[in-house]
Amino acid sequence: MMDLGISSFEQIFDPDPKCWFHAVRNIKNGIIGNNWQKEQLITLGVVPRLLQFMVDEGVPLDLRLECAVVLGSLAKGRESNVRALIDAGCVPILFKDLNQNCLRYTEACLRCLRTIFNSPYSPSELVYQDPGIMPHLVSIMSKSACTQECVTNILSNCCKNAEQQAILSSNGAIAALAPLLASDNYRVQMPVLRCLAMLCHQNHQVSMSVATATFNGDLITSMLSRLISRDKTTEMQMAAAKCLTYLCRADAISASEPIIGFKTLATLIRLCKSDKTWEERVEGAELLAYLIEVDISLQRMAAISDQIISTLAEYFKYPGSPFDSMLMPTKKVFLNDDILVGNELRQAAFRAYASLGANDEDIRRRIIETEDLMQHIVNGLSDPVLKVQMAAIRCLHSLSRSVQQLRTNFQDHSVWKPIIKLLRNAPEEILIVASSTLCNLLLEFSPSKEPILDSGVVDLLVSLTRHEEPTLRLNGTWALMNMTFQSDQKVRSQIMSVLGADQLFRLLSDPDVNILMKTLGLMRNLLSNKTQIDQIMTIHGTQVMQAVTLILEGDHAVEVKEQALCILANVADGDIAKGCIMGNENILRKVMNYMVHSNVKLQIAGTFCISNLLWNDDEGAVERQQKLRDLGVQRILQQLLGTNDSVLFDRVKTALQQF
């Protein structure tokens, strides 16, 4: 056993209790700073013996204290040591021994627990197995500087979902943390900030409790505002900014509050500057992206603040980026660490750009003018690091909302090609954003639409409509809808053929109303030209009429039924297709019922359908008019002349003029 000697190790297993204390103390002194010794002790089985001492009520408290200290020292070795301690059942025993009425012993147990819970193997679920652990941790938090530091570290690593946030909040964690935020002990303040951030993340109820909590009449938000000041360390500014960001995104603080726009936003932008470490620049950009993601006022404020767009452009210039390698492949060999840092910086910049350009066309234009940005994005789409790939496609999706960029930069760089490649083989999360971007590239004013159509993408999009993930079904249907807008008969026939009646009915029965609406929009686009309407209805007329009947008879919102009636109106505009409606008295009566519906939108849609059936210039108009007159359509139209809605009145007047 190297410096420890065999005797110390053997003595802890000696039947004579008098040997134990000195043996454990010798072990404690011998392993300080010696990771090899720690691993050897674990391998030899010292951990179960130490735990045995701790659970034995007959063992003196001073020996149990020494055991806790040794366990804490072992935990500070390599990560594998922590795993070994957890596997040996160390955590429940340490939690149980926190009930001992001895502050030194409590602190020793907490120090070991802190180290374990700060590790990548943090067994957060063990805190919640015994309902008495959490309230006890909160109750002992304020006993000393050590308990404050250790308990807050443990809690910050045990708050990972809404259920855990609620448990911490209900056990008084917020009230216990508030005083510690005003502590002058940096080692206490930092874990308190991390814990508050974890409590607030995407949790409105808990965030409201934090935002309204006070200590000595001082709001937590006011204390956070002071901790974000420039006279604090960068680490503290970042942690306080994270708390305020999460409070804002959880709607506990309005984005219009000065503490958000003038302090939090400004701090995050400052933390993106090149004088900060790369870790700080990455976290600053990621937090900035999250803060402004959904608020256009913050996006506009950020875009004009301290040259953030050009600041983010610097992220792509870190040595080791793929673009650097492409420009000078023979001049420099980049280290793995450089590549790792370059990846982190690039994905952070992509995410920030995505949020900045989410809503404002002028901001998108300024972003896209960043030197070589489109090339960086295209490179990112094929990056082997999924984090970079995801950020790049999010950035592209944000910029694809720009009509101008779709017509220029997107076309110049043929960005549709890597997107199609992603759709053929990418994780689900990337598929969702890539398919959303493709929907924009298939809009009628996008020059990319034609080459995408020629690439044989229909089969791929139809396969998305069959996906288990609702968002992918929606995006697949949405893309097909955009594809069919003002498309030629060849494209429409191909889509109908590949999609098939069975899948069409499945989409019309989808529980997601957005998918249903896009499917109806797809059907309207397929049936939007006289010649094409007749061709499609000749082949698929029965299925189309069944689909419309399914919607009109179902329990759907007004907007859904309005779309179904508009499809019928399109069918009624065809020459041959009119027969599909006129030969189905059940459908005709349904349309008549909607003409007298309480909702004016449905009245307008129903009347429009009837007007197309009555149209004088179409062949067979006299016979159709007579049948509709016999069914009572003319009488309903005359009654509707008394409407106060100008659009409905015009529709009714036009229809009556056909008789």
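Biologist: Is Asn482 buried or exposed?

Modeller: The model is predicted, and the reading rests on relative accessible area, where a value under 20% counts as buried. Asn482 has a value of 9% and is therefore buried. This residue belongs to helix H32, which covers residues 470-484.

Biologist: Which residues does Asn482 touch, leaving aside those up to four places away in sequence?

Modeller: With that exclusion, Asn482 touches Cys439, Leu442, Leu443 and Lys449.

Biologist: Where does Thr370 lie, and which backbone atom does its side chain reach?

Modeller: Thr370 sits in the loop that joins helix H23 (361-368) to helix H24 (373-381). Its relative accessible area is 10%, so Thr370 is buried. The side chain of Thr370 reaches the backbone oxygen of Ile367 at 2.8 Å. Not counting residues up to four places away in sequence, Thr370 touches Ile309, Ala313 and Tyr353.

Biologist: How many disulfides does the structure hold?

Modeller: The count is zero. Cys109 is in no disulfide, since the nearest cysteine sulfur, that of Cys112, is 7.8 Å away. Cys109 has 0% relative accessibility and so counts as buried. For Cys195, the closest cysteine sulfur is in Cys159 at 6.1 Å, which is too far for a bond. Cys195 is likewise buried, with a relative accessible area of 0%.

Biologist: What span should helix H42 have, given its number of residues?

Modeller: Helix H42 has 13 residues, 646-658, and at 1.5 Å a residue they should span 18 Å. The end C-alpha atoms of H42 are 19 Å apart, which agrees.

Biologist: Which residues of H42 are buried, and how are they arranged around its axis?

Modeller: The general idea is that an α-helix has 3.6 residues a turn, so residues three or four places apart point the same way. In H42 the buried residues are Leu648, Val652, Ala655, Leu656 and Gln658. Viewed down the axis of H42, these fall within an arc of 145°, so they line one face of the helix. On the other side of H42, Ser646 and Gln657 are exposed.

Biologist: Against which helices do the buried residues of H42 pack?

Modeller: The partners are helix H39 (600-614), helix H40 (621-631) and helix H41 (633-640).

Biologist: Which residue caps the N-terminal end of H42?

Modeller: The cap is Asp645, which places a side-chain oxygen 3.0 Å from the backbone nitrogen of Val647.

Notes
Residues are numbered from 1 along each chain as its sequence is written. This is a predicted model: local features need pLDDT of at least 70, side-chain atom pairs count only at pLDDT 80 or more; totals for chains, interfaces and linings use all residues. Side-chain values use heavy atoms; hydrogens and water are left out. Helices (H or I, at least four residues) and strands (E, at least two) are DSSP runs, numbered from the N terminus. The expected span of a helix is 1.5 Å times one less than its number of residues. Buried means under 20% relative accessible area, exposed over 50%, partly exposed in between (1.4 Å probe, protein chains only). The arc is that of the directions from the helix axis to the C-beta atoms. Contact means heavy atoms within 4.5 Å. A polar contact is a pair of N or O atoms within 3.5 Å; within protein, one must be able to donate a hydrogen and the other to accept it, and residues adjacent in sequence count only if both atoms are side-chain atoms. A disulfide is a pair of cysteine sulfur atoms within 2.5 Å.
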